[in-house]
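User: Please examine one part of this structure closely. Then set that part in the context of the whole, in a single connected account.

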Amino acid sequence: MSRLRGDPVIVGLEEIGQRASTGALPGWDQVDVLVDDAYRFALRGTGGAVADYIPALAQADPDLFGVAVAQVDGGLHAVGDVDVAFSIQSISKAFVYALVCQNFGHEQVMARIGVNNTGLAFDSVIAIELNDGHPMNPMVNAGAIAATALMPGSTPGERWEAIQTGLSAFAGRALALDDEVYRSETATNQRNRAIARLLESYRRIDTDPLDAVDVYTRQCSLLVTAKDLAVMAATLADGGVNPVTGRRVVSATVCRDTLAVLATSGLYERSGEWLFDIGLPGKSGVAGGIMAVSPGKAGIGTYAPRLDPAGNSVRGQLATAHLSRALGLNIFASDAAVSPGG
């Protein structure tokens, strides 16, 4: 059904009280309870299907489900299958973009890659042609491949090493490549190769386009867990400092730019609906991961392989929506400072 007919994207959300966004999370024990509540709330999401256009992803257990919240002080709350490893897929786009911004700066990256939503599918070729070859934003495949091509290194191997090292720093541990997913994606990524060739024809990337696609495919095949995604998101929430290791990964300015792009384009053409219901910068991946960022407070990571038609985890959306409301994370939520008559 159409959104215009009044049907909510996330059914049952009205049952959860909306806390106003403030500068702090509730107490530790209450957060534990609310994370568990979000997990149980999301169990009602029994629809969706595991992605099968990448053969290796079709092997995932559809019933796996985990929810993790990492606070900016290093505290971690987790329920369910939060230690199960899966490929990061498109969620990697956010962190590679942050690394590129760290290297090249605000203006240059905006000019080369852009920040505006295309309003079209993540792998749209029409979007490139309609915008004179411009990728438009780093969350669609064209922009992500262009960002990967900008990573430092004189060879594809050096650029891949920079990405693996950088994303590992966000996670606070060494991330490994899933060779099976990498091989499976390589065998089915003809569209991404065509996108890269098209970008080359418009002189939007300076490296070999097929090398750029290969490195991009590797970055999407890195293995993470829901806990990792929560920590990676919390690093963006804490101005670029990993709350577990205490290491600065990127600057606070880079975090601001990355979160702005996530807000406008992190859920592709559904980004407006995501902000309307959840109100957090976020990113999804077709393996079933979702990460969301509450600036200054926490990062959320979820894993549930069943996806809706747009390619977003069904249970991940439900859990994130619950947490956004119950923990007071929605950046648009507010309340009167003084009650009427008070």
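Analyst: The second largest pocket and its surroundings

Helices α8 (190-201) and α9 (209-220) each contribute at least two residues to the lining of the second largest pocket. Helices (H or I, at least four residues) and strands (E, at least two) are DSSP runs numbered from the N terminus. The model is predicted, with local features requiring pLDDT of at least 70 and side-chain atom pairs pLDDT 80 or more, while totals for chains, interfaces and linings use all residues. Residues are numbered from 1 along each chain as its sequence is written, and side-chain values use heavy atoms, leaving out hydrogens and water.

The volume of the second largest pocket is about 390 Å³. Its lining consists of 24 residues, and those nearest the centre are Tyr53, Ile54, Phe122, Asn141 and Asn192. On a 1 Å grid over the protein atoms alone, a pocket is an open set of points with protein on both sides within 12 Å along at least five of seven lines, a cavity is a set where a 1.4 Å probe fits but cannot get out, and lining residues have an atom within 4 Å of a point. Grid points are joined across faces, edges and corners, and a volume is the space filled by probe spheres set on them.

The loop between α8 and α9 contains Arg203. Although Arg203 is not a glycine, its phi is positive, near 60 degrees. Most residues other than glycine have a negative phi. Arg203 counts as exposed, because its relative accessibility is 74%; exposed means over 50% relative accessible area, buried under 20% and partly exposed in between (1.4 Å probe, protein chains only).

Met136 is located in the loop between α4 and α5. In contrast to Arg203, which is exposed, Met136 is buried, because its relative accessible area is 15%.

In α6, the buried residues are Arg159, Trp160, Ile163, Gly166, Leu167, Ser168, Ala169, Phe170 and Ala171. Leu167 belongs to α6, which spans residues 156-171, and it counts as buried because its relative accessibility is 0%. Not counting residues up to four places away in sequence, Leu167 has contacts (heavy atoms within 4.5 Å) with Ile88, Ser92, Phe95, Val96, Leu99, Leu175, Leu222 and Met232. Gly12, by comparison, is 155 residues from Leu167 in sequence and 35 Å from it in space, C-alpha to C-alpha. Just after α6, Gly172 adopts a positive phi of about 80 degrees.

At the level of the whole protein, there are 13 helices and seven strands. Along the principal axes, the C-alpha atoms fill a box of roughly 65 × 40 × 40 Å. Of the 342 residues, 56% count as buried. Among contacts between residues at least 6 apart in sequence, 71% join residues at least 24 apart.
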